[in-house]
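Dear colleague,

My notes on it follow.

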Amino acid sequence: MALIVNGIEAPPPADPRVSLLDFLREHLHLTGTKVGCNQGACGACTVIVDGRRVLSCLTLAVQADGASVTTIEGLGTPTALHPLQAAFVEHDGLQCGYCTPGQICSAVAMVEELRRGVPSNVTADVAAQAIAATREELRERMSGNLCRCGAHNGIIAAIEDAFGLETAA
Amino acid sequence: MSIIKGAKARAQGLAMGALAKAVALAPDSWIPGSTPDPLIRRRSGHTGKPMSRLDGPLKVAGQARFAAEIALPGMAYAALAHATIAKGRITALDTAAAEAAPGVVLVMTYRNAPRLQRPPVFMSSAKAAWGDDLPILQDDQVRWNGQPIAVVVAETQEQADHAASLVTAIYAEEPAATAFAEAKSKGSSPGSFMMQPLHNESGDAEKALAAAHFRVDATYTTPRHNHNAIELHGLTCAWEADGTLRIHDASQMVAHEAWTLARIFGLAEEKVVVTSPFVGGGFGGKGLWQHQVLAAAAAKLAERPVRLLLPREGVYRLVGGRAQTEQRVALGADANGRLTALIHTGFTAKPPASAMPEPFIVPTRSAYAAGAMLLDVQVVEVDGLSNTFMRAPGEAVGTFAVECAIDELAEVAGIDPIELRIRNEPDKDPVSGLPFSGRNLVEAYRLGAERFGWDRRSPAPRSRREGEWWVGMGCATGTYPYYRMPGGAARITLTAEGATVDIAAHEMGMGTATAATQVAADRLGLDPAAITFNYGDSTLPGTVMAGGSQQTASIGASVVAAHRALVAELVKLAGNDSPIAGAKPDELSCRDAGLCRADNEAAYESYASILARANRPSITVEATPSMPFEMMHWSMHSHSAMFAEVRVNAVTGEIRVSRFLGSFDCGRILNSKTAASQFRGGIIMGLGLALMEETQFDARTGRIMNPSLAEYHLPVHLDVPDIEVIWTDIPDPHTPMGARGIGEIGITGTGAAVANAVYNAVGKRVRDLPITLDKLL
């Protein structure tokens, strides 16, 4: 068995204590995935596993065995950015850049959740088939990704722009 | 503080005071900034444009390598064990189980750590920046709850973490003062900041207060705060074959750090190299703390490169934050609302060894024209981790108290709070008597009030209800000084293709490198793409702390000096056949990758042509700017008018900030995109200060009880509304580029604007931060 990381097979670590986060950073040297708390409180380590956003610090690498993992490096490169990465630069949705990969991975999967009709804490009608991508919905759904520099407005603007979401405040 | 150190500080303070008087009285023309920077006049260049941050593509693609992401060959991983008492002595320290654990390379305690010098404390010399002078793993004493008592080094992080958990200690506890009230009951001592006493007095303020027509008198309290940059403190370090200590760190002071570690390890300064190209947020926290020394000492002892990345709890245990304050503000005014008495006094807590009393009166010194004034900070001593600078130290919490009090006075006097502030605008600095270099606060209020719709606010609280929400509006003044610290220097290397600017400055997300590139492009007449700006490396020129919102001024002045030297050199090289022959540097400007006469742009020669004729591939100059005497000659401050709209739930007391606007007067804005982010970032940290942030202690043991991002609450996306930021963009005639600092002002005034809006919504004054819902029920 193996993990598929950004399309490339990687054998799982021998030590079962290794988190997916440390596996990516220390074993595969994919340091784009960040460590901010190691306890699921900040979202900096968010990666996409089989299409869903997960906190890689709370996931053991062996749990992702057989799964397809997409990290920030798998979304785009500095010269060929993913549209959301480009929108983050344009809207200044970052300052220090440390929470940024987690924000971006989280947002990519979050938009899919919205499209699938997964309700959130601020969804008025949880039975509705289609959920409007209001700014409040985006904010609620991104609230697991902390940013200390205060790039929140730019992050939400970048998400709206990159995914063509028409939102009202 | 010892008697000798106290006497030395007083002597330094007196000398500084005498110098300040002389500089204040000197003619303008003797002072840096007397002639406006020529870039102020130039409005057509790159400066001011919303250029996207240059390191953006690297950061959004996850390719920016931070300090704990540098992998060195043979590297081992470190973890710390921490003391669990506030004060006492280690009587038994058992490391046997840790040493026997799989993968362990080294367990370092005070028993086997290298002998180290104590850190030189902040301001004790030009590059000293440590917050205290406590020994680092040198003895069996415990001085705060959380102090490191062992460093475990192992082959993997998992092995190090596990082994560190096996270290056990037995202590002989000593009585400790761990609670603010308890410490206060033991007495206080006068505080001082930047070698000046935190005390100002003119007239008899208490008497004026007693005689005032209108008066308010209240106490405001603010808790301990932590910076909580999302990047954890961490470093990767190695001792190289030639004895050089190389540190990949997250630092806002690389030159200070290299010098300090050289002192601690007894090395020549150039034998320590600190690089820090990316810093994942600093806010005052990414300075010098014990982890850097512990990692370097462990690497020395283990004879291997070492990575030490503190866990989040470790950051709380090792890296101090903003100190608690208890502030009294008493205001007296005449029948027209003119202040006759302004009293701002109180207490702040710090451990005995800390060099940093939270200077909450600093913003009050230049705030208002008042008949009589009494400002004073008293220090009480607690046994705990040293506190330090955190975004706008002094101003962030000082403006909370004073600007709430002004709002209270406005209500008592029946005057609009903006009008009350305008009536008390000073025409010169009320304490120093110096003229302001630029103060357009009234204009900032005018712009902000119009944009925010201040006229829709009802002065009576509890008068606007929407469903189950009470809605209120509040405003407050923010302020932060212009600083430029001594120590700037820059090197410029010019080639036919472009220029490289080297300076040991820092990029922590402020956009410094981008703005510096824009400014350098305009100054040198080059395209920004032709500028390479190197920073974050202690081997580069300059001692430039990313603190006090002073980096841009320091870089600006340093580049001005180097540019001047460069032009002089080019004139020499150009010789007698050049169209610019014989010109003095001041008579020349730069345009289109060359030099021209300022009064005749057609008299021009390109850099490429000058270099080619002189047969030189490049020229390099390095220069140091003049001492920052402008700060003693003018009263130099940024200002802002902050506006908040909040909604308070009538049932639950939940507080939501629904709108916020900051109207800033910070001189010229150098990059409208990154500056807006700096302003918003400060404001958002101010929303945290107002509503949720608090480092909580177990008062019995002095241990921080919420050392995690789950329990220390930061504003999250849903807490942050659309924040509008606007600015006057009026250049300061006496600063490089006409700019004043913008990094810290956003957090100032924000807490009071929110608190005043909460009062306007529900009619309850909360004077104890954070304003949580339980205080409204």
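In chain B, strand 28 (residues 637-649) and strand 29 run antiparallel and are joined by 10 bridges. Strands here are DSSP runs of E with at least two residues, helices are runs of H or I with at least four residues, and both are numbered from the N terminus; two strands pair if DSSP finds at least two bridges between them. This is a predicted model, in which local features need pLDDT of at least 70 and side-chain atom pairs count only at pLDDT 80 or more, while totals for chains, interfaces and linings use all residues. Residues are numbered from 1 along each chain as its sequence is written, with chains lettered from A and ligands numbered from 1 in the order in which they are written.

Within this pairing, A641(B) has S663(B) of strand 29 of chain B as its bridge partner. The hairpin of the two strands has five residues between them, and G653(B) there takes a positive phi near 80°. Strand 29 of chain B also runs parallel to strand 32 (residues 723-727) of chain B, with five bridges joining them; F664(B) stands opposite W727(B) of strand 32. Of the 11 residues in strand 29 (residues 655-665) of chain B, eight are buried (20 or more other C-beta atoms within 10 Å of the residue's own, with C-beta atoms placed from the backbone).

Helix 16 (residues 551-574) of chain B is likewise mostly covered, with 19 of its 24 residues buried. Just after helix 16 of chain B, G575(B) takes a positive phi of about 75°.

Yours sincerely

Definitions and conventions
A residue is buried if 20 or more other C-beta atoms lie within 10 Å of its own, exposed if 12 or fewer, and partly exposed in between; C-beta atoms are placed from the backbone.
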